[in-house]
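Please look through the sequence and the model below before reading the report that follows.

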Amino acid sequence: AEKELLPGFHQFEWQPALKNVSSSCDVGIINGLSGWAFSVDDAPADTITRRFRYDVALVSALKDLEEDIMEGLRESGMEDSACTSGFSVMIKESCDGMGDVSEKHGGGPVVPEKAVRFSFTVMSISVVADEEGEEVTIFTEPKPNSELSCKPLCLMFVDESDHETLTAILCPIVAERNAMRESRLILSIGGLLRSFRFHFRSTGYDEKMVREMEGLEASGSTYVCTLCDSSRAEASQNMVLHSITRNHEENLERYEIWRTNPFSESVDELRERVKGVSAKPFMDTHPTLDALHCDIGNATEFYKIFQDEIGEVYQKANPSREERRSWRAALDKQLRKKMKLKPVMRMNGNYARRLMTLEAIEVVCELVPSEERREALRELMRLYLQMKPVWRATCPAKECPDQLCRYSFNSQRFADLLSSTFKYRYNGKITNYLHKTLAHVPEIIEKDGSIGAWASEGNESANKLFRRFRKMNARQSKA
């Protein structure tokens, strides 16, 4: 029974057969570097990574959903025998680095202190009814951000910033995924052989990972966005009106231009031409915004605005570090006293959720001297709380239709507030996630129907399990 839960148990076949992938089905956990020819001087890398073969893992995930698929077919009135082909499966991929996973007291092999986890979630399964030819969705993942629906595919002891090693390990996965796009899976579900096509959407990446996979400069770059070509200065002038232009193919073309420099330009001109694409993109990501990190990024920004407002920076020219430190201490003290919010080293999801509330803003306003600034802060938070459900909801059209309709209007008002009342912070600069929140949310939702459902949270919460299984209670208080 335990074996059935692990990939490598079920019979299946691919038509046409996958290129460069062995045809055996009973593959369990494999060395993540299998398929790599080692040179003589390579360090023995056999401890670095373990993974399932992608197709085997997908089969296992589908078999887990066997009952749901049959249920869906019955509910949509498609008789079992009628549909054996035309199933299509939408897969969300997530990949995230984790710092500090050292063994606390183990005598294991020496591995880097960082890990990267790659996982996937079956988001939906639909089938084309034979007669009409229209797609009927027979399964939708109800909790796309739970660690339960998020299946691990590959665990690596690599630093996510070590681009070379990361690409080397993920390349076989990318290759298998490309092979599966061209082929269909034949698998027995409910006693009949059925054929499935897979669609992969890599949306569960934070911005750092997207920039790395798509060959963009790191997130401090003047090119503020992974979705459009805007520079930071442009984005702070025109906060709302941008459309999504970047994609994987274009990034590859731009990399070629960067590499060959066909017009013999100087570095600055060349960089302006390729809009900050200066490494080879190796994995196509689906243009979206990561809802969890969006929350965190914006909360960090608000936290800084709160400090600035306590110190009335809008009237002062550059304050000293001591002054800034005292405002921050005052803010932390107030939040701890009134909201029971302990100061954190790095902003995390839970802190962000507590900080971005009307309750918190009232607490902060007690420290803000002038009444009109308090009103501006309240207005800012009210608008933000109107916007937030739109990119958090799994299905915004159902869960918050009114906020969805008003989003563009609200984001415009929000931007106006920032560029007038708070312009001391947004003069020529804006944070990456704030730009995306204001400029790109409606377009993504129009295209994909949701941002929240495609976020990286499932993978992030499974990181916690990974730590637990390694008996590795890092990042918890040492007291």
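Which residue just after α3 takes a positive phi? In this predicted model, that residue is glycine 77, whose phi is about 70°.

Helix α3 spans residues 66-75, and its buried residues are Ile69, Met70, Gly72 and Leu73. Because these residues cover an arc of only 160° around the axis, they lie on the same side of α3. An α-helix has 3.6 residues a turn, so residues three or four places apart point the same way. On the other side of α3, the exposed residues are Glu67, Arg74 and Glu75.

## Packing of α13 and α15

Helix α13 (residues 371-392) packs with helix α15 (residues 401-420) at an angle of about 145°, and their axes are 9 Å apart; the crossing of α13 and α15 is left-handed. On the α13 side the contact includes Ala376, Leu380, Leu383 and Trp391, while α15 contributes residues including Leu404, Tyr407, Phe414 and Leu418. By class, this contact of α13 with α15 has 13 nonpolar, 4 polar and 3 charged residues.

## Nonpolar cores

The largest nonpolar core has 63 residues, and those with the most contacts inside it are Phe306, Leu335, Leu355, Phe414, Leu418 and Phe422. Among the elements that give two or more residues to this core are α10 (321-339), α13, α15 and α16 (432-439), but the largest share, 10 residues, comes from α9. Apart from this core lies another, of 58 residues, among them Cys25, Cys83, Ile125 and Tyr205.

Phenylalanine 422 touches Ile305, Glu309, Arg373, Ala376, Leu377, Leu380 and Leu417, when residues up to four places away in sequence are not counted.

## Backbone features in loops

Most residues other than glycine have a negative phi, and most peptide bonds are trans. In the loop between β1 (12-15) and β2 (29-31), where proline 16 has its place, a cis peptide bond joins glutamine 15 and proline 16, with omega about -15°. Asparagine 20 is found in the loop between β1 and β2 as well, and its phi, near 60°, is positive in a residue other than glycine; asparagine 20 is exposed, with a relative accessible area of 82%.

Serine 264, in the loop between α7 (248-260) and α8 (267-274), likewise has a positive phi, near 45°. At 63% relative accessibility, serine 264 counts as exposed.

Terms used. Residues numbered from 1 in each chain as written. Predicted model: local features only at pLDDT ≥ 70, side-chain atom pairs only at ≥ 80, totals over all residues. Heavy atoms only, no water. Axes fitted to C-alpha atoms, helices over the stretch in contact; angles between N-to-C directions. Helix = DSSP H or I, 4+ residues; strand = E, 2+ residues; numbered from the N terminus. Left-handed = near helix turned anticlockwise from the far one by under 90°. Contact = heavy atoms within 4.5 Å. Nonpolar A, V, L, I, M, F, W, Y, C, P; charged D, E, K, R; others polar. Core = buried A, V, L, I, M, F, W, Y, C linked by side-chain atoms within 4.5 Å. Buried < 20%, exposed > 50% of the residue type's maximum accessible area, 1.4 Å probe, protein only. Arc of directions from axis to C-beta.
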